[in-house]
Amino acid sequence: MTEVFNKKIRRVMAVLGTALFSGAMALSVSAATPEFARSEEEWAHLRDNVLEWYEIEDLIHEYNATVLKNREDLSKDERRSMDAEELRDYLLSEADDMDSMADYADSAMVAATFRTQANALRSQADSNVTDFDIIRLDYEVIEKNLFRTAQDLFVNYYTALAKKAGAESGVAYLERAYASAVNRRNVGMATELDVLTAQESLENARAALVANETEVRTSLTNLQVLCGWGYDSAAEIREVPEVDPASFAGIDPEADLAQALAASYTLKTDEIRLKNARSFYPGLSEQYESQLAADTNTFKVGFRGAYDSLINAGLAYSNACADHALKAQDLAAAERKLSLGLISQMEYEGVRNDLITMQTAERTAYLAMVSAKAAYDAAVRGIL
């Protein structure tokens, strides 16, 4: 009875779409596609210990544990090649099986569970507009979302590294500033409040540095695991792609939107549901027409948001570059003043620390722009 119960539960969970994710599967040592599907050079790039930006999508496709498990489940799915009407009959058959299992259940609680599942299946069957194409698209969406997550982790890793470098420099400066405050207090040139303020700034900077170090490790670990490495691996992470904000002026958002609407996974699914409703449940056609219209508008808003975010990220990076350049001029002036004895060493160190802060801001602004460009490119492909 237990074996039959487990088998039926697995089948019903597949029908209800609750088993799309499976992060617990051990990673397969082999790729998802056959050897002849790629050139030797392509396989060599994917199989080395180097993780490059352009490889992320292929690595997710070939080696991500969830994608591999989902692909296996899809290949064995009993609903393959079923249209909406056939899938309705399948759901009703599953409901009958649940009722039969309830009749032989070992307890009233188990029987009630089977009856509840049977009722849910019949309710789903009464207005089913899902077919296997929708099921397949749902799996594809999961894979594309994992790809986007990995891209974000890639950028997050380098952002955390940049902040860590800036924080290390800041801590070193604040340690000197704290020591200076103590020395000045000891000779009556600073107050106890000055010392406490310097100490608090140093402690906050040290805490931020610890957080940055944690973010570096977390981003790297999660990125490697998503792309097929073990959690304790040490892959070589190559640099983020080069992005020139000047190129954004050549983007045609209207043309890209048309391409994005045609590629949207959500809208493809809506269109299939509407088609099936018109074929099998005409009374539901208006509902699915409204759903398609609403999702189309939502997609357009989201796409425009992705474009605006890209343009704003480009402007923010340009402004960060300008701020960095101005601060470099300040440092040059401070060096001249230091050589003439017009400012103290600590005053000079303060200007130098400000320059490093601006360098960090420029780097993180660049990485934010890379992230915005990746999000926009994905939106053009319907991943939104």
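Select R38 and W43: the charged end of R38 sits over the ring of W43, 5.6 Å from the ring centre. For a charge to sit over a ring, NZ of Lys or CZ of Arg must be within 6 Å of the ring centre and within 35 degrees of the ring normal. Next select Y265 and K268, where the charged end of K268 sits over the ring of Y265, 5.4 Å from its centre.

Before going on, note that this is a predicted model, in which local features need pLDDT of at least 70 and side-chain atom pairs count only at pLDDT 80 or more, while totals for chains, interfaces and linings use all residues. Residues are numbered from 1 along each chain as its sequence is written, and side-chain values use heavy atoms, with hydrogens and water left out.

Now turn to the aromatic rings. A search of the whole structure finds six aromatic pairs. Rings of Phe, Tyr and Trp (its six-membered ring) pair if their centres lie within 6.5 Å; planes under 30 degrees apart count as stacked, over 60 as edge-to-face and the rest as tilted.

Select F154 and Y158, a tilted pair with 5.9 Å from centre to centre and 40 degrees between the planes. Both residues lie in helix 7 (residues 132–186), four residues apart, about one turn of the helix. Helices are DSSP runs of H or I with at least four residues, numbered from the N terminus. Are F154 and Y158 buried or exposed? Both are buried (under 20% relative accessible area; exposed is over 50% and partly exposed in between, with a 1.4 Å probe and protein chains only).

F303 belongs to helix 11 and Y376 to helix 12 (residues 345–380), so the pair ties together parts that are 73 residues apart in sequence. F303 counts as buried at 3% relative accessibility, and Y376 is buried at 2%.

Stay with helix 11 and select residues 285–339. At 1.5 Å a residue, taken times one less than the number of residues, these 55 residues should span 81 Å, and the end C-alpha atoms are 80 Å apart, which agrees. After helix 11 comes G341, with a positive phi near 75 degrees.

Terms used: Helices (H or I, at least four residues) and strands (E, at least two) are DSSP runs, numbered from the N terminus.
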